Amino acid sequence: LAGAPRPPRPPKGLMKGDKPEEPGPGPEPSGPPPPTEEEEALLEFHRSYRELFEFFCNNTTIHGAIRLVCSQHNRMKTVFWAVLWLCTFGMMYWQFGQLFGEYFSYPVSLNINLNSDKLVFPAVSICTLNPYRYKEIQEELEELDRITEQTLFDLYKYNSSKTLVAHARSRRDLREPLPHPLQRLPVPAPSHAARGVRRAGSSMRDNNPQVNRKDWKIGFQLCNQNKSDCFYQTYSSGVDAVREWYRFHYINILSRRRQDTSPSLEDDVLGKFIFTCRFNQDSCSEANYSHFHHPMYGNCYTFNDKNSSNLWMSSMPGVNNGLSLTLRTEQNDFIPLLSTVTGARVMVHERDEPAFMDDAGFNLRPGVETSISMSKEAVDRLGGDYGDCTKNGSEVPVENLYNTKYTQQVCIHSCFQESMIKECGCAYIFYPRPDGVEFCDYRKHNSWGYCYYKLQDAFSSDRLGCFTKCRKPCSVTIYKLSASYSQWPSATSQDWVFQMLSRQNNYTIKNKRDGVAKLNIFFKELNYKSNSESPSVTMVTLLSNLGSQWSLWFGSSVLSVVEMAELIIDLLVITFLMLLRRFRSRYWSPGRGGKGTQEVASTPATSLPSSFCPHPAFSSSYPPDPAISPALSAPPPAYATLGPHPAPSGLAEASTSAHAPGEP
């Protein structure tokens, strides 16, 4: 019994990756051996940074990483490959930054397409350029005219009517003086420096004509509610001053009659303004137009708007396949101080958009045939991050007072009207008003003129923020117009043309060309241009560019990116575990005395796979030296503290068994 061999005892303290000793000869074990640590582990991490990086460089699919390990016996090569690898890595991520910067700048590409198809004819609005007199305000307009005539006589000694010459009277003899009288203001004398500059520049040739200094300071005074702040609305021209002053009083008179209902339009008859109307060689009817009134341009008519029962389509280009109108431009019973031009006002716009005659209209000249050829152009912009535009104006913080399709002009005018109501307490007569708000009239709002001109100055300089809040619509249809003119009717045909107009439309022959004009509007071609925006860099393009850069600098694929992510996660986990072990050893380990720990973890170079880094020194055919073999089977070093501590018994026994494998 004493000489019988005893079964081998498994060594204590084996670390991860260590193999147990081979048992000596003896009887078969009664059961399977206990599972090792590797078989029991579900989630494992490397012991040190060095071991992690060596494993990564030996197994990654990224090109060049293996050279960092295989060149470790040549420090120059190792440094060269490390620097090259880091520079390549930095260049790649610099390119990544450029690609991401381009993507998040949201660039767009402009796509231009040329289409050809039947075209919907746009809406055409025409105004008389003559705000007619109305019966309801006839008496007030006559009083305003008398005051204006007397003002012209007082300021310029100009007799504008025979009535004024026969019955000369001053403004105080009139029935009721109007507020804000027009007056000439004293011109301040120029300063000494200004006179010196004028004398210095008098020797130079001046091509600008001298302006009469009497016209420099003509205007009228406007004050706030309590008269604490006043200013003069002045003009450099007496003509402009008289027109603006008359217009200001005319707006107040017109506002009194438009608070509840529109004035009765005695001249609201299509035949009195439009002699003939034809579209595609067919006569127009009342179902093809709608009427509205403009404060300055009088009666206006819109053909082919959204309320028309018949939609006009153009299937052929040319002057014979469009709209042809013969217009009366006589100014019977006109207001000479308000309307200083003759002819008609025309605007071409979309069917569901309002007509802004002041902004985009043009005038027709009497005695001339004006031919307007159109070309259509559609613009479709990208909204959201790609451009500052809106699809329907729902996100614009301005209420649409026109109840029509959103346009930038609709928003701007609605924004000004909102500011007018908020600051002045009344609505400007040129724009729609909300329910329950009155139009401005100085009999009810005596300081609205002061408020309006102050607000107009703030609006022009965008201090109201209307141009900032009102964004462009994403989809816009533009009609580009080109005009040609010819005398109409000709000298040889005017006699019979005027005779026909006189017999059929009661035209006054003595006016001849001064009272008639002709207008033709048509498409010059059915081809129209469509401009649309598309993203220049999409997500697919970005991923493709990133993959191209990754393959260019490292010659790898998407799985290599996963390997990099795995490396980063392992680094974070190892760092966390090491910090946790350091914290526990400092504060929780008994007998440490608050001393810190020093982790020394390294992997021997001989543990690297020889297939990755074949070196001639290890490829010899001689058997290994017995003195070296024990080091190969030694367990990896354990973490040690700074203080001297005895080695665990398990490690001592394992070392003894490794040096004396045949000991019983």
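In these legends, a disulfide is a pair of cysteine sulfur atoms within 2.5 Å of each other. The model is predicted: local features need pLDDT of at least 70, side-chain atom pairs count only at pLDDT 80 or more, and totals for chains, interfaces and linings use all residues. Residues are numbered from 1 along each chain as its sequence is written, and side-chain values use heavy atoms, with hydrogens and water left out.

**Figure 1. The disulfide of Cys-415 and Cys-466 links distant parts of the chain.** The structure holds eight disulfides, and this view shows one in which the sulfur atoms are 2.1 Å apart. The torsion of -80° about the S-S bond accompanies a left-handed link between Cys-415 and Cys-466. Cys-415 belongs to helix α11 (residues 408-424) and Cys-466 to helix α13 (residues 466-469), and 51 residues separate the pair. Helices here are DSSP runs of H or I with at least four residues, strands are runs of E with at least two, and both are numbered from the N terminus. Cys-415 and Cys-466 are both buried, a term for under 20% relative accessible area, while exposed means over 50% and partly exposed lies in between (1.4 Å probe, protein chains only).

**Figure 2. Cys-424 and Cys-451 form a disulfide between two helices.** Their sulfur atoms lie 1.8 Å apart. The link of Cys-424 and Cys-451 is left-handed because the torsion about its S-S bond is about -85°. Since Cys-424 sits in helix α11 and Cys-451 in helix α12 (residues 448-460), the pair ties together parts that are 27 residues apart in sequence. Both cysteines, Cys-424 and Cys-451, are buried.

**Figure 3. Strands β4, β5 and β6 form an open sheet.** The order of the three strands is β4-β5-β6, and their pairing is antiparallel. The edge strands, β4 (182-184) and β6 (230-235), each pair on one side only. Two strands count as paired if DSSP finds at least two bridges between them. Strand β5 (residues 218-223) is joined to β6 by six bridges, and Ile-218 has Tyr-235 of β6 as its bridge partner. In general, strands of a sheet pair through backbone hydrogen bonds, either parallel or antiparallel.

**Figure 4. Cys-223 and Cys-230 form a disulfide with a right-handed link.** The two sulfur atoms are 1.9 Å apart. The angle about the S-S bond of Cys-223 and Cys-230 is 115°. Cys-223 counts as buried because its relative accessibility is 12%, whereas Cys-230, at 33%, counts as partly exposed.

**Figure 5. Tyr-93 and Phe-96 form an aromatic pair in helix α4.** Rings of Phe, Tyr and Trp (its six-membered ring) pair if their centres lie within 6.5 Å; planes under 30 degrees apart are stacked, over 60 edge-to-face, and the rest tilted. By this rule the count comes to 36 aromatic pairs. One of them joins Tyr-93 and Phe-96, which are edge-to-face, at 5.2 Å centre to centre and with 70° between the planes. About one helical turn separates these two residues, because they are three residues apart in helix α4 (residues 75-104). Tyr-93 is partly exposed, with a relative accessible area of 39%, and Phe-96 is buried, with 10%. The UniProt annotation "transmembrane region", from an unreviewed entry, covers residues 78-96; such annotations, given in the numbering used here and with shortened feature names, may be inferred rather than shown by experiment. This span is 100% helix and 0% strand, and its end C-alpha atoms lie 27 Å apart.

**Figure 6. Trp-448 and Tyr-452 belong to one aromatic cluster.** The two residues lie four residues apart in helix α12, about one turn of the helix. The pair of Trp-448 and Tyr-452 is tilted because the ring planes stand at 55°, with the centres 5.9 Å apart. Both Trp-448 and Tyr-452 are buried. The cluster also includes Phe-220, Phe-248, Phe-416, Tyr-428 and Phe-467.

**Figure 7. Two lysines lie over aromatic rings.** A charge sits over a ring if NZ of Lys or CZ of Arg is within 6 Å of the ring centre and within 35 degrees of the ring normal. Lys-454 is placed over the face of Phe-231, 4.9 Å from the ring centre. Lys-376 is over the face of Tyr-528, at 5.1 Å from the ring centre.
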